[in-house]
Amino acid sequence: MTAPVSRFQAFDLLATPVAVLQGQGRVRFVNAALEDALGLSRRTLFDTHMPDYFLDPQPLISALVGAQSNEFAALRYEAQMRRLHHEDPLPVHVIVAPSDQEGEVIVELLPVEQQTRQEREERLLDQAQANKELIRNLAHEIKNPLGGIRGSAQLLELELDNKELTEYTQVIIREADRLQTLVDRLLAPHRRPHVVGDVNIHEVCERVRTLILAEFPKGLKVVRDYDISIPEFRGDREQLIQAVLNIAHNASQALQERIAQGDGQITLKSRILRQVTFGKQRYRLALELHVIDNGPGVPDSIKDRIFYPLISGREGGSGLGLTLAQTFVQQHHGMIECDSEPGRTDFKILIPLP
């Protein structure tokens, strides 16, 4: 006999592992996320003693007694769980709360690594929003006086009798134009309309691959590792090309030494994720696109700030490429993450699929 699941089916939509217990911890229901976490089916877990899956079962036993006697609305504590085929236990943040049925308790088990990831994603989203507001405000503040500076330099040049002095006014004009170009790049994502159409992510990757190899025809290999089952989705093709190109171009710049040695490599890898949570939302399907290089890695000094505007790891870099890439991907309700160590840097683009 198995537990009636109709009351608990909604728990299967959650990314967080959840168990419904009765008595001293008998399992009445587990959701799909908990099956995945423990490596056991709900049929196997049904009617077993949940505390036995913890290295120290006593805290859960005590929490169940407290929940069933209504001593608290919810109890939280840290614990470690046993997993099938894993030597290392799974660290979890446990939340125990009574349900609306007498003697029934709901236990939520948030893996610590998942909690850390969610907190990092929230910081990235908040940071991106703050960056967007800062960039727009700063760009507008710079743009207005720039026109006056350039116009004044042009008028001054017309009044100069000594043509040798025009060298100085030309410096002012050229620098004003350079700053104007920078401001235009800062404002580009906010000015350009979002042109939505059907996007094949592998056509995007192939366009980026062609552009990168045209710039670096020798010493750089661009490897394809595509999941051809990924469906088309609605999006702005040009924005996505620019986002992936910015990341790949950054990678190729970081690979200069390896390209000179003839063994520079960038890998474009696409996969489908199922039942994934990012950006505070749960998605049935999502695109996972990796841009991986075998370069020296992101310097530790800027690793936590690489998506900030004007932060660059190389001499002469504008520090806008990754900021703009993150902006374009977020306009597709996605996000970019980075995992870097010497010899391997992996930029992961996540975008929800229909």
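## A tour of the five-stranded sheet

Begin by selecting the five strands that make up an open sheet, in which the order is β2-β1-β5-β4-β3 and the pairing is antiparallel; strands here are DSSP runs of E of at least two residues, helices are runs of H or I of at least four residues, and both are numbered from the N terminus. Two strands are taken to pair if DSSP finds at least two bridges between them. Because β2 (26-30) and β3 (75-81) each have a single partner strand, they stand at the edges, and one side of each is left without a neighbour in the sheet. From one strand to the next, the twist averages 30°.

This is a predicted model, in which local features need pLDDT of at least 70 and side-chain atom pairs count only at pLDDT 80 or more, while totals for chains, interfaces and linings use all residues. Residues are numbered from 1 along each chain as its sequence is written, and side-chain values use heavy atoms, with hydrogens and water left out.

Next, select β3 together with β4 (residues 90-98), two antiparallel strands that are joined by seven bridges, and find Ala79, which stands opposite Val92 in β4.

Finally, show the whole chain, which has nine helices and 12 strands.

Key:
Axes are lines fitted to C-alpha atoms, for helices over the stretch in contact, and angles run from 0 to 180 degrees between N-to-C directions.
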